[in-house]
Amino acid sequence: MIYDKIKNIDLYKGLYPNLDIAIDYIKKGEYVNLPLGKQDIVGKNVWVSVIEIEGKDVATTPFEIHKKYLDIHVDITGNELIETGGEGTEVSFDENRDFGIVECENVNSSYMSPDDFYICMLDEPHKPACAAPGKDKAIKKCIFKVLV
């Protein structure tokens, strides 16, 4: 997990070539004007989904994992809570969607605002889009998917 301010995102270049492409795209700031839905940046290697949701209940939201794509979460409006889990037990995994559910303990909570980003690495349990305590539940965000 990497959690930082967008102004510092350049510090994380060099880990993966596709991550560098996503970072350069985020730095331009154009994602704030994208329409809802999936937008290809570089075909299946780097793409983004823009969603509007109501923050979920952290207590009932399961931890998820991905095995091919890492996630970069960036809020456009609103605030959210993202939890990161420790080692856990895989409950299910759908290879076609690159999406699995894991049972594990929370080890970190990150409170997101439009100035922040959160990178979730492969096989790292995370619980995104949860309602931040004391904040409006409306969230508009980008989830960048980066093939590693």
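**Fold, sheet and aromatic contacts of the predicted chain**

V148 is placed in the segment after β12; helices (H or I, at least four residues) and strands (E, at least two) are DSSP runs, numbered from the N terminus. The model is predicted, so local features need pLDDT of at least 70 and side-chain atom pairs count only at pLDDT 80 or more, whereas totals for chains, interfaces and linings use all residues. Residues are numbered from 1 along each chain as its sequence is written, and side-chain values use heavy atoms, with hydrogens and water left out.

V148 has a relative accessible area of 40% and is therefore partly exposed (buried means under 20% relative accessible area, exposed over 50%, partly exposed in between; 1.4 Å probe, protein chains only). Apart from its neighbours within four places in sequence, V148 is in contact with Y16, K68, L70 and L122, where contact means heavy atoms within 4.5 Å. The C-alpha atoms of V148 and L70 lie 6.9 Å apart, although 78 residues separate the two in sequence.

Along the principal axes, the C-alpha atoms fill a box of roughly 35 × 35 × 30 Å. Of the 148 residues, 46% are buried. Among contacts between residues at least 6 apart in sequence, 75% join residues at least 24 apart.

Six strands form an open sheet with antiparallel pairing, in the order β1-β10-β5-β12-β3-β2; two strands pair if DSSP finds at least two bridges between them. The edge strands, β1 (2-5) and β2 (37-42), each pair on one side only. Neighbouring strands of the sheet are turned by 20° against each other on average, direction ignored. Within the sheet, β5 (residues 69-77) and β12 (residues 138-147) run antiparallel and are joined by eight bridges. T77 has K140 of β12 as its bridge partner.

Helix α1 (residues 17-28) lies across β2, β3 (46-54), β5, β10 (116-120) and β12, and runs at about 145° to β12. Axes are lines fitted to C-alpha atoms, for helices over the stretch in contact, and angles run from 0 to 180 degrees between N-to-C directions.

Four aromatic pairs are found in the whole structure. Rings of Phe, Tyr and Trp (its six-membered ring) pair if their centres lie within 6.5 Å; planes under 30 degrees apart count as stacked, over 60 as edge-to-face and the rest as tilted. The ring centres of Y25 and F144 are 6.0 Å apart with planes at 65°, so this pair is edge-to-face. Y25 belongs to helix α1 and F144 to strand β12, 119 residues apart. Y31 and F144 are also edge-to-face, because their centres are 6.2 Å apart and their planes at 85°. Since Y31 lies in the loop between α1 and β2, and F144 in strand β12, the pair ties together parts 113 residues apart in sequence. Y25 and F144 are both buried, and Y31 is buried as well. Y25, Y31 and F144 form one aromatic cluster.

Lysine side chains also meet aromatic rings. The charged end of K38 sits over the ring of W47, 4.4 Å from its centre, and K67 lies over the face of F93, at 4.5 Å from the ring centre. A charge sits over a ring if NZ of Lys or CZ of Arg is within 6 Å of the ring centre and within 35 degrees of the ring normal.
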